[in-house]
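Open the structure in your viewer and keep the selection tool ready. We will go stop by stop.

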Amino acid sequence: MPDTLRLTLAVPDDGTREPLLADLADLGFDAFEEEPDALVAYAPAPRWDGPAREAVGALLRQRGLTAAAFREEVVPDQDWNARWEASLQPIEAGPFVVAPSWTEVPPDAGGATVLRIDPKMAFGTGYHETTRICLRLLADAVPEAGRVLDVGTGTGVLAIAALRLGAASAVGVDVDPWSVTNGRDNAALNGVADAFDVREGSVETVPETGFDLVIANIISSILDPLLPGLLERAPPSASAILSGLLASERDRFVDRLAGEGFDLVAEAAENEWWGGLWRRAEA
Ligand SMILES: C[S@@+](CC[C@H](N)C(=O)[O-])C[C@H]1O[C@@H](n2cnc3c(N)ncnc32)[C@H](O)[C@@H]1O
């Protein structure tokens with residue numbers, strides 16, 4: 001295995017990481033870690049040649065990051081992947097424990113629903129606040145035997161959680177092809193492959209309407225234009241969970257959804273992140 005380049009970027013966790021991560025993936029970075037004050041990206045070191053280095057430099061400058069804001073190092077040993085895997089430990093969120101398949105679930109998990117989620121390249125390990133916010137809100141939102149739509153499904157964690165709580169079926173969509181593969185793999189790991197339909201694309205790949213619960217955990221700049229398509233797939237008395245939003249955006253989203261006939265029925269926050277659970281009024 002080639003040496004691995006580890007790039008540590010001092011980027012705050014304020015919603016700007018996700019598009020940066022997508023750009024870095026396009027440049028050949030193939031694994032990422034989120035730390036409180038930094039985004040860490042890995043690529044095979046041989047790929048870190050002149051043009052790649054220049055492209056990353058240009059990308060960082062374009063985002064206002066100076067040389068002082070990032071550190072590069074070559075990890076010489078073969079086994080960075082094992083180290084990365086070892087860094088992912090089970091975490092609790094609401095009624096769930098989210099655990100990679102290679103970890104032991106803590107004996108004190110008690111009656112928690114264990115979700116086996118192997119992240120590969122996709123977002124949604126449970127390590128991000130917004131994923132945990134959605135998992136907490138899901139506890140009161142999953143319609144028994146209902147149909148769920150999860151836009152920006154990532155690892156599939158939220159749809160899989162809904163299926164494990166009793167939903168009958170879920171459709172997950174994501175524009176990232178890695179997520180589609182990863183979502184399917186994770187569905188199989190959790191024994192819900194037959195009930196989870198994962199599609200590449202966005203809301204336009206969903207001709208169906210009449211979902212009992214629609215979910216999107218996506219930053220507002222991406223969510224804003226998707227919202228009409230998402231909400232029109234949720235009929236009267238259906239629920240909607242939105243996260244990926246900053247606490248400072250709460251009132252704007254509460255007002256906007258009220259205008260569409262959705263009442264806020266629960267909310268959750270962690271650090272600067274916020275998410276809500278809405279119910280659409282009866283017709
Ligand atoms: C913050 S992650 C959420 C992943 C997972 N649902 C979770 O809660 O952990 C957002 C996901 O939305 C996807 N995404 C970005 N733009 C999208 C779009 N226009 N339509 C559908 N998915 C999109 C990204 O690829 C990413 O997987």
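Predicted model: local features only at pLDDT ≥ 70, side-chain atom pairs only at ≥ 80, totals over all residues.

**Stop 1: H4 and H5**

Select residues 129–138, which form helix H4, and residues 157–164, which form helix H5. Their axes lie 10 Å apart, at an angle of about 20 degrees. Angles under 35 degrees count as roughly parallel, so H4 and H5 are roughly parallel to each other. Their crossing is right-handed.

Now show the side chains. On H4, pick Thr131, Cys134, Leu135 and Leu138. On H5, pick Val157, Leu158, Ala161 and Ala162. These residues make the contact. What classes do the residues in the contact of H4 with H5 belong to? There are 7 nonpolar residues, 1 polar residue and no charged ones.

**Stop 2: the ligand**

Keep Thr131 selected and show the ligand. Thr131 is among the residues that come nearest to the ligand, along with Gly152, Asp174, Ser202 and Asn217.

Zoom in on three of them:

- Gly152: a backbone N or O atom lies 2.8 Å from a nitrogen atom of the ligand.
- Ser202: a polar side-chain atom lies 2.6 Å from a nitrogen atom of the ligand.
- Asn217: a polar side-chain atom lies 2.7 Å from an oxygen atom of the ligand.

**Stop 3: H7 and H8**

Next, select residues 220–231 for helix H7 and residues 250–259 for helix H8. At what angle do their axes cross? The angle is roughly 15 degrees, and the axes come within 12 Å. H7 and H8 are therefore roughly parallel to each other. H7 passes H8 in a right-handed crossing.

Look at the contact. H7 brings Ser220, Leu223, Asp224, Leu227, Pro228 and Leu231. H8 brings Arg252, Phe253, Arg256 and Leu257. By class, the contact of H7 with H8 has 6 nonpolar, 1 polar and 3 charged residues.

**Stop 4: H1 and H2**

Finish with helix H1, residues 17–26, and helix H2, residues 50–62. The two pack at an angle of about 165 degrees, and their axes are 11 Å apart. That makes H1 roughly antiparallel to H2, because angles over 145 degrees count that way. H1 passes H2 in a right-handed crossing.

Which residues make the contact? Select Leu20, Asp23 and Leu24 on H1, then Val56, Leu59 and Leu60 on H2. The contact of H1 with H2 has 5 nonpolar residues, 1 charged residue and no polar ones.

Note on methods. Residues numbered from 1 in each chain as written. Heavy atoms only, no water. Axes fitted to C-alpha atoms, helices over the stretch in contact; angles between N-to-C directions. Helix = DSSP H or I, 4+ residues; strand = E, 2+ residues; numbered from the N terminus. Parallel < 35°, antiparallel > 145°, perpendicular 65-115°, else oblique. Left-handed = near helix turned anticlockwise from the far one by under 90°. Contact = heavy atoms within 4.5 Å. Nonpolar A, V, L, I, M, F, W, Y, C, P; charged D, E, K, R; others polar. Near = heavy atom within 4 Å. Polar contact = N/O pair within 3.5 Å; in protein donor to acceptor, adjacent residues only side chain to side chain.
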